[in-house]
Amino acid sequence: MVEAHGVVTDIQIRREPAAVAAAEDRPLPLGRQIAFWLAALGVVGLCLYVFSGILLPFVAGLALAYFLDPLADRLERVGFSRLWATVVILGVFVLVFVLALLLLAPLLAGNLADFAAKVPGYAQRLQQLVVEKGSPWLERLGHRVQPADIQGSLGDVIGKGVAWGGDVLKSLWSGSQTLIGVASLLVVTPVVAFYLLVDWDRMIAKVDGWTPPRHRATVRELATEINDAIGGFIRGQSLVCLLLGAWYAIGLMLCGLNFGFLIGMLAGLISFIPYVGSLTGLVLASSVAVVQFWPDWVMVGAVLAVFFSGQFLEGNILSPKLVGQAVGLHPVWLMFALFAFGALFGFVGLLLAVPLAATVGVLARFGLKQYMASPIYTGVKTPDGGLPPDA
């Protein structure tokens, strides 16, 4: 009995580690995993909301480091150390940025001040033209409307539009000014970008090491898709905006339009919001053209042709070649993300909107794929009676 008891005890001792290992390999219930990640997401959102007033230079530095990391990798392959690659890249970037600021800022600031001063005159003249040319058409249709009524209605619409634009600019400006100011942004952002760019590869490796081994392959695949979506959109769309801005600005200046450079650059730079940039530039340019060139419809048509040709260029050449269709950001979803995060976090929200929208899009497609492979959709259970391993 003693021997038998010893044998049984030995067998139990030998089986205990295997049982412990099996228990350790057993995955957590899906509900607990979802609860953990929702709690983590809630903490991140709360931190963004609480510290939104001071996040701008850090988010801008992170975006700059992410944008310049491929160039640093290329210089490393050539033979530069990571430190010197970072110094060279950031030095060139800061030099180009300062030169562009010194050359373009006075021109844009002067044009913007002159345009703001002349907006009331343009609006009044546009009202007069609409009243003069619109009243006969309304009378032919059987509607007798007093010119004062038309002028008052147009004045209300234009006033509300100007007020809305001013409120948007004011909210973005105030959101970017809390606690820091533009000067600290220009000083802190390059410093943050420098340290992040030097340690970028080590940070990515460290985060990869924190990933649960069981899901590491899936997380890496998702991270690659998110990186492709964010990088493809930001780098491609930045080039599209710059090229469109140059196209609009040069075209409007050749047409002789007042403030053509300012309107063209503004329309190009906000073209990252689908349809908003082109429509804003079209409304501003056509309004100024009607006031300036009336009754010369040829020049008004030339101004319209600049924007229509720019839209053709963007939709058929620039966006397909530079941005592509692989980023998976639907225009409606992108507009919603930009307006939602801009309203919540100001200018910081605009910087975070595209990366977060791309991340949510990739995760949503992954979740849909997992759902369509699960018993909930197929009606077929896996051998263990539960969801597939990756669900």
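Helices here are DSSP runs of H or I with at least four residues, strands are runs of E with at least two, and both are numbered from the N terminus. Read that way along the sequence, the chain goes α-α-α-α-α-α-α-α-α-α-α-α-α-α. That comes to 14 helices and 0 strands. Please keep in mind that this is a predicted model.

**The whole chain**

Of the 391 residues, 28% count as buried. Contacts also reach across the sequence: among those with a separation of 6 or more, 71% join residues 24 or more positions apart.

**Helices H8 and H9**

Now select residues 216-254, which form H8, and residues 260-269, which form H9. Their axes come within 7 Å and cross at roughly 160°. Angles over 145 degrees count as roughly antiparallel, so H8 is roughly antiparallel to H9. The crossing of the two is right-handed.

Show side chains at the contact next. On H8, look for Cys241, Leu242, Leu244, Gly245, Ala246, Tyr248, Ala249, Leu252 and Met253; on H9, look for Gly260, Phe261, Ile263, Gly264, Met265, Ala267, Gly268 and Leu269. By class, this contact has 13 nonpolar, 4 polar and no charged residues.

Stay on H9 for a moment. Why is H9 described as largely enclosed by the rest of the structure? Because 8 of its 10 residues are buried. Those of H9 are Gly260, Phe261, Leu262, Ile263, Gly264, Met265, Ala267 and Gly268.

**Helices H10 and H11**

Move on to residues 276-293 for H10 and residues 297-323 for H11. The axes come within 8 Å and cross at roughly 170°, so H10 and H11 are roughly antiparallel to each other. H10 passes H11 in a right-handed crossing.

To see what touches, pick Ser278, Gly281, Leu282, Ala285, Ser286, Ala289, Val290 and Phe293 on H10, then Met299, Val300, Val303, Leu304, Phe307 and Gln311 on H11. These residues divide into 10 nonpolar, 4 polar and no charged.

**Two cysteines**

For the last stop, select Cys47 and Cys255. Is each one buried or exposed, or in between? Cys47 is partly exposed, with a relative accessible area of 37%, whereas Cys255 is buried at 13%. If you are looking for disulfides, the count comes to 0, with the cut-off for a pair of cysteine sulfur atoms set at within 2.5 Å.

Notes
Residues are numbered from 1 along each chain as its sequence is written. This is a predicted model: local features need pLDDT of at least 70, side-chain atom pairs count only at pLDDT 80 or more; totals for chains, interfaces and linings use all residues. Side-chain values use heavy atoms; hydrogens and water are left out. Axes are lines fitted to C-alpha atoms, for helices over the stretch in contact, and angles run from 0 to 180 degrees between N-to-C directions. Angles under 35 degrees count as roughly parallel, over 145 as roughly antiparallel, 65 to 115 as roughly perpendicular and the rest as oblique. A crossing is left-handed if the near helix is turned anticlockwise from the far one by less than a right angle, and right-handed if clockwise. Contact means heavy atoms within 4.5 Å. Ala, Val, Leu, Ile, Met, Phe, Trp, Tyr, Cys and Pro count as nonpolar, Asp, Glu, Lys and Arg as charged, and the others, Gly among them, as polar. Buried means under 20% relative accessible area, exposed over 50%, partly exposed in between (1.4 Å probe, protein chains only).
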